[in-house]
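Here are some notes for a colleague who is opening this structure for the first time. Please keep the sequence and the model in view while reading them.

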Amino acid sequence: MGARDLFDLKGQVALVTGGSRGLGLQIAEGLGEMGCKVAITARKADELAEGKARLEKLGIEVLTVVSDLGKPEGIPALVDAVLAKFGAIDVLVNNAGATWGAPAEDYPNEAWHKVMNLNVNAMFFLSREVAKRSMIERKGGRIINVASIAGLRGGPPDMHTVAYNTSKAAAINLTRALASEWGHYEIRVNAICPGFFPSKMANGILEKVGPRIMKATPLGRIGGDEDLKGAAIFLASNASRHITGQHIVVDGGISIA
């Protein structure tokens, strides 16, 4: 297999959660550009329609499924819809996530449960469903969990994101645990840990500390519209066929500075 062929995803099917905008849409675009048929899911139909229009302009075949992953009882129906359309799921990208800012000593129970439910529980429940119904029997698949550099450290004391940091650390170790259990099925499970990217979730933080973040980042900038595509394509393709249980940090170097 030639080097270019290692990255070819023609005929593959990718399901991307939180795929209507932001990092999820960027990843869906990258996978689609390399040949994947793409299913994107999110809670809001209007945002999914906008994401679909953008992807279809690039010639990507797209399915949209409205689904609230915070309600795990809806996960089987989501997988039903993708399998009914495409017949299989080769690549699962667990990107949907939530955050909530509050000092740890005053952190509301409901906030903790909301963040953990979407960032950890839904990631596992959907991975389990896709593995059981599409990957294990066919002896192959790739799962990419979108974690965060927040899962690698505590974070600045003024950001008040204890649940988010904890959930992303859990996502990284869930990646390792699933990779260990499912490797003999030829299912590879890896994680991407983005740094600061403009998104609906991050914009509030960037408004407050954006200049400070860029100053502390060796590359001197925050993430852009193309900066996650390469890592996602690599982990979804045969270029990473001997890599599993790992996390790739995409942060401009801020985590090592």
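1. Overall form. Please bear in mind throughout that this is a predicted model. The chain contains 8 helices and 7 strands, and its C-alpha atoms fill a box of roughly 45 × 40 × 40 Å along the principal axes. A compact globule of 257 residues would have a radius of gyration near 18 Å, and the 17 Å found for the chain agrees with that.

2. Burial, contacts and surface. Of the 257 residues, 49% count as buried. When contacts between residues at least 6 apart in sequence are considered, 74% of them join residues that are at least 24 apart. The accessible surface comes to about 12,200 Å², and carbon and sulfur atoms account for 52% of it.

3. Helix 8 covers residues 229-236, and because 6 of its 8 residues are buried, it is largely enclosed by the rest of the structure.

4. Ser237. In the loop between helix 8 and strand 7 one finds Ser237, which is buried, with a relative accessible area of 1%. Leaving aside residues up to four places away in sequence, Ser237 touches Leu6, Phe7, Leu9 and Arg188.

5. Apart from residues up to four places away in sequence, Ile75 touches Leu69, Ala122, Phe125, Leu126 and Glu129. For one of these, Leu126, the separation is 51 residues in sequence and 6.3 Å in space, taken from C-alpha to C-alpha.

6. The side chain of Asp80 is joined to that of Arg133 by a polar contact of 2.3 Å. Between Asp80 and Gly101, which are 21 residues apart along the chain, the C-alpha separation is 35 Å.

7. Backbone angles to look at. Which phi values does one find at Lys139 and Glu186? Lys139 has a positive phi of about 55° although it is not a glycine, and Glu186, likewise a residue other than glycine, has a positive phi near 60°. Lys139 lies in the loop between helix 5 (109-135) and strand 5, whereas Glu186 is placed in the loop between helix 6 (162-182) and strand 6. Lys139 is partly exposed, with a relative accessible area of 49%, while Glu186, at 54% relative accessibility, counts as exposed.

Definitions and conventions:
Residues numbered from 1 in each chain as written. Predicted model: local features only at pLDDT ≥ 70, side-chain atom pairs only at ≥ 80, totals over all residues. Heavy atoms only, no water. Helix = DSSP H or I, 4+ residues; strand = E, 2+ residues; numbered from the N terminus. Rg over C-alpha atoms; globule rule 2.2 N^0.38 Å. Buried < 20%, exposed > 50% of the residue type's maximum accessible area, 1.4 Å probe, protein only. Contact = heavy atoms within 4.5 Å. Areas by Shrake-Rupley, 256 points an atom, 1.4 Å probe, with all protein chains shown as cover. Polar contact = N/O pair within 3.5 Å; in protein donor to acceptor, adjacent residues only side chain to side chain.
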